[in-house]
There are 2 protein chains.
Amino acid sequence: MQPITQPTLLIDEAKCRRNIDMMVNKAKKHGIRLRPHFKTHQSVAVGKWCQEAGIEAITVSSLKMATYFAKNGWQDITIAFPFYAQEMAGVNKLAEEIDLNLTIVSPESIKVLKEQLDYAVGAYIKIDVGTHRTGIRPEDGEQIEAMIGEILRNPMVIFKGFMAHAGHTYGARDEAEIQQIHQDTLKIMCKVRDTYQEKFDLHDDPLEVSIGDTPGFSVANDFEGAQELRPGNCVFYDVMQTQIGSCDADQIAVAMACPVVAKHADRYEVVIHGGAVHFSKDFITDGHGHKVFGQIVRLTPDGWGEPIPEMHLARLSQEHGVISTSPEAFDTLQTGDVIGVLPIHSCLTANLMRGYRTFDDQSLDHLEGQIL
Amino acid sequence: MQPITQPTLLIDEAKCRRNIDMMVNKAKKHGIRLRPHFKTHQSVAVGKWCQEAGIEAITVSSLKMATYFAKNGWQDITIAFPFYAQEMAGVNKLAEEIDLNLTIVSPESIKVLKEQLDYAVGAYIKIDVGTHRTGIRPEDGEQIEAMIGEILRNPMVIFKGFMAHAGHTYGARDEAEIQQIHQDTLKIMCKVRDTYQEKFDLHDDPLEVSIGDTPGFSVANDFEGAQELRPGNCVFYDVMQTQIGSCDADQIAVAMACPVVAKHADRYEVVIHGGAVHFSKDFITDGHGHKVFGQIVRLTPDGWGEPIPEMHLARLSQEHGVISTSPEAFDTLQTGDVIGVLPIHSCLTANLMRGYRTFDDQSLDHLEGQIL
């Protein structure tokens, strides 16, 4: 492997492919369409590994991301972010070329589609299953009914069903709580689907339930009633997902490589090149009440080891990271070393790093590192 | 102005140039060299405005950033981040072409320079004036003396003096506390400088004191004893700086433009396209104990208004932002609007957005949006 000269995002291809296979096999076992979210990796190269594992349909979180993957051969894309008027020209351009699904959360956006859509698109109404970020509350029956009515009046919009993201699993304290949220989500969504399928007599073209959070997908074994699964973070996982209980540390498929630039023996701290512009400012709070911005690992020629329990990334500024260590562990790091750091939130770290390096020195793309 | 179709970082050129002029005039008034930190804007275009205001020397926070500005005509650059061994090849390349100053915090890095430096560079020893991020503590006289001795033995390294970044001003509660930290910093730094200038008999080529934090620069009016000032964030300012007391809201020179994508009347929340990949996750806590990820402003054809007190950006996920409003203010925002958001930390927001748009539709560069 070529020497590391600056903060570099390493990807373990074997671990990443194992994570992709896990997703594919889980969806296959339950007989449900897998439409993984590509917002975590945002990479054509990693997308190719997904394709090789049999994935044909994908989810993205912006029109920009949809455009990137469409230009690189993906033909079936759902934008799982509320469609809005300012995107109309871009949506028309994309809808001419690929099978595009939109996420609908407002009557205004349905009106825009009625007036300005030139090519057919699919549409899902987003339901708020308890995260309270966005989506229509299931109890707002009048609004849901009015929106479906308007969508069905537009022959250019194919109403596909209902979508949810149970993001409140991220606040879960243990697996049981994730399971509970997942079961509640399925129950709410199936009821909504059944209600409006019946009400609008859509049995010939049955409506779908599409669900998506990574913790729920990782932990649950019952997806009865859902037609589509949209996990995102499973492709890489990260420290936050290990804390929630979605994965083990050895499933994390990306790590930052950071040069050690200074040691401070008076406080057992080690400074690395690796800061907020590399990691993002997401953190977890560990069992000792410490803020943790990353877990420290030893790099090997073809991967990295287990998190070192006596060290954690304790503070970040723009370019500096400060590792807090035990007195004993302090002596194991030297100025001039390159140390590994498992990210707290791999989506944000990848979005900042804009590219990956494999252990056989390939550079993999990331949307934000490309000029389209 | 062209319509906004996605989250866009707007720059108010007049405000930005006023901020630059303020920096230049303040340094001139005190007869001290200004070497502003370019890590905030990372832009050749904004750098040109600095040049037009008379700035000739700059500070950056990475070798990558130094290389970018050197390629674009800057000839006098200090990298205010600890020099480390892995950067040696890049430093040699740059030192051949421009006047380059390095930051030294470890004996190991001095050894690397001795063995591998091919072209002359300047060097500052970084002193820890109380931030405890990195730098040598002023009381570690033996270490400072040994390091200076080693530096002076290398004819390729010109020892310039001492550098500090009093980053603990960011934790200050009021102007008086910033003033106190600033005075303490000056006192510590001048004493260190005087001590070693005397000890190594360097009166013919006197050592410098270079200081740099934005709050201290903004608030203080006494820089007696310093030879160089390195403010960074003054060029744009941001909400965090208004909270610290470094600036007024009307000095903030960048704002995000974000489409409004959904409204939720049950909780008086408005969802925008604008999330962690646009703003970063930095926040302040306001007087009511709310986490604030951005302040909301109305956009006008040539700028933006004052922060709207009844609204704040309350939560962020990857692409979504959630604005919390009062019941009355809720009705003033509509799906389809484009709203302005003043960033909490403009350096991180600019680093994520990778480019700026002016109100006369120019696109300005940012290092991370360029392929070098």
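**Exercise 1. Determine how many residues of chain A and chain B are in contact, and how much area is buried between them.**

Solution. In this predicted model, 56 residues of chain A are in contact (heavy atoms within 4.5 Å) with 56 residues of chain B. The area buried between the two chains is about 4,600 Å², where buried area is the accessible area (1.4 Å probe) that two parts lose on being put together, summed over both. Carbon and sulfur atoms give 53% of this area. A:Q86, A:R133 and A:Q318 supply 15% of what chain A buries against chain B, more than any other three residues.

The model's local features need pLDDT of at least 70 and side-chain atom pairs count only at pLDDT 80 or more, while totals for chains, interfaces and linings use all residues. Residues are numbered from 1 along each chain as its sequence is written, chains are lettered from A and ligands numbered from 1 in the order in which they are written, and side-chain values use heavy atoms, with hydrogens and water left out.

**Exercise 2. State how many salt bridges the rule finds across the interface of chain A and chain B, and describe the side of chain A that touches chain B by class.**

Solution. The rule (a side-chain nitrogen of Lys or Arg within 4 Å of a carboxyl oxygen of Asp or Glu) finds eight salt bridges across the interface. One joins the side chains of B:K281 and A:D282, at 2.9 Å from N to O. By class, the side of chain A that touches chain B has 20 nonpolar, 19 polar and 17 charged residues. Here Ala, Val, Leu, Ile, Met, Phe, Trp, Tyr, Cys and Pro count as nonpolar, Asp, Glu, Lys and Arg as charged, and the others, Gly among them, as polar.

**Exercise 3. Locate A:Q318 and identify which residues it touches.**

Solution. A:Q318 lies in the loop between β17 (311–316) and β18 of chain A; strands (E, at least two residues) and helices (H or I, at least four) are DSSP runs, numbered from the N terminus. Because its relative accessibility is 6%, A:Q318 counts as buried, the term for under 20% relative accessible area, with exposed over 50% and partly exposed in between (1.4 Å probe, protein chains only). Not counting residues up to four places away in sequence, A:Q318 touches A:G275, A:A276 and A:V277, and on chain B it touches B:K39, B:Q42, B:C347 and B:L348.

**Exercise 4. Is B:T185 buried or exposed, and where is it found?**

Solution. B:T185 is found in helix α7 (residues 175–199) of chain B. Its relative accessibility is 4%, so B:T185 counts as buried. B:T185 touches B:V129, B:A164, B:A166 and B:I211, not counting residues up to four places away in sequence.
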